[in-house]
Amino acid sequence: MLKLSKRLQKIADYVTIGARVADIGSDHAMLPVYLLQSGRCPSAIAGELNRGPFEAAKKQSADAGLSSRLTVRQGDGLNVLESGEADTVTIAGMGGSLMSDILEAGRLAGKLEGVTELVLQPNVGEEVVRQWLLKHHWFLTAESILEEDGKIYEVMHAVRAEDADSRSSELYNGHFLALSFDKKVLYKVLMQMGPYLLRDPQPALFKKWHHELNKLERICEQLAGSDLAESAVKREQFLTEMHVIKEVLQCLRTDKP
Ligand code: SAM
């Protein structure tokens with residue numbers, strides 16, 4: 001059986017046993033091959049936009065002797081799917097904006113009909129993905145953060161739920177954070193940093209946001225050297241953002257036993 005990276009294994013673990021899965025942007029199709037080999041999924045579709053990875057996915061599927069259960073298709077995002085073909089869609093290893101664009105185009109084309117579960121791993125721009133889920137009534141049920149080979153990854157699991165909106169409003173309520181920021185700021189913090197990740201803060205979360213703070217600090221130093229009025233405005237915005245992040249991290253540390 002294929003041995004997955006820690007990141008892909010976390011994604012695989014979130015896939016419901018027995019689900020028919022479509023892995024979009026599959027590259028070498030490692031994830032669907034593992035899901036079939038491990039018996040977690042009965043069938044899978046691997047979608048790839050680009051020829052090189054598409055060929056690699058076909059080869060991986062054939063080499064594993066899985067061509068009858070793993071269909072590899074070339075196409076843009078969810079276009080490779082017929083509605084009703086998959087229960088679970090996984091998308092991993094791309095930016096959050098591209099991921100949300102793929103989900104939105106698929107939603108508009110009816111490709112998400114019948115899909116009950118999404119497992120998403122944006123490399124950056126996690127906030128954009130959380131916004132998309134919330135806007136389209138998907139309930140975020142779990143999140144993980146992990147470090148592998150010096151990189152930090154977030155993985156999200158979401159389901160369709162009748163009561164997604166009311167559950168989400170509780171999830172994105174920042175009352176559990178002992179902070180005096182107004183509601184809007186707290187909501188933004190939860191969207192950016194992850195509502196579950198903040199409720200159960202792991203070392204990787206601190207590491208990620210310290211790294212982000214360092215990046216913002218460097219940008220602020222550069223902006224301080226500019227005479228442009230817009231630079232001063234931008235710098236103020238970043239300084240405020242940094243202040244909020246620092247307060248959140250401090251509050252999470254204080255809350256920890
Ligand atoms: N999902 C795998 C993983 O997480 O290891 C591969 C990630 S790889 C960095 C991103 C893949 O997405 C590339 O193979 C790329 O060709 C593919 N891709 C990018 N845009 C796409 C789109 N619009 N539709 C389908 N695949 C896409």
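## Exercises on the ligand site and an aromatic pair

The model is predicted, with local features needing pLDDT of at least 70 and side-chain atom pairs pLDDT 80 or more, whereas totals for chains, interfaces and linings use all residues. Residues are numbered from 1 along each chain as its sequence is written, and side-chain values use heavy atoms, without hydrogens and water.

**Exercise 1.** Identify polar contacts (N or O atoms within 3.5 Å) to nitrogen atoms of the ligand.

*Solution.* Step 1: a polar side-chain atom of Asp 76 lies 2.8 Å from a ligand nitrogen. Step 2: a polar backbone atom of Gly 77 is 2.8 Å from a nitrogen atom of the ligand. Step 3: for Ala 92, a backbone N or O atom lies 3.0 Å from a ligand nitrogen.

**Exercise 2.** Find the aromatic pairs (ring centres within 6.5 Å) in the whole structure, and classify the geometry.

*Solution.* Step 1: the search finds one pair. Step 2: Tyr 172 and Tyr 187 are 6.2 Å apart centre to centre, with 65° between the planes, hence edge-to-face (over 60 degrees). Step 3: Tyr 172 lies in the loop between α6 (164–171) and α7 (183–193) and Tyr 187 in helix α7, so the pair ties together parts 15 residues apart in sequence.

How values were computed: A polar contact is a pair of N or O atoms within 3.5 Å; within protein, one must be able to donate a hydrogen and the other to accept it, and residues adjacent in sequence count only if both atoms are side-chain atoms. Rings of Phe, Tyr and Trp (its six-membered ring) pair if their centres lie within 6.5 Å; planes under 30 degrees apart count as stacked, over 60 as edge-to-face and the rest as tilted. Helices (H or I, at least four residues) and strands (E, at least two) are DSSP runs, numbered from the N terminus.
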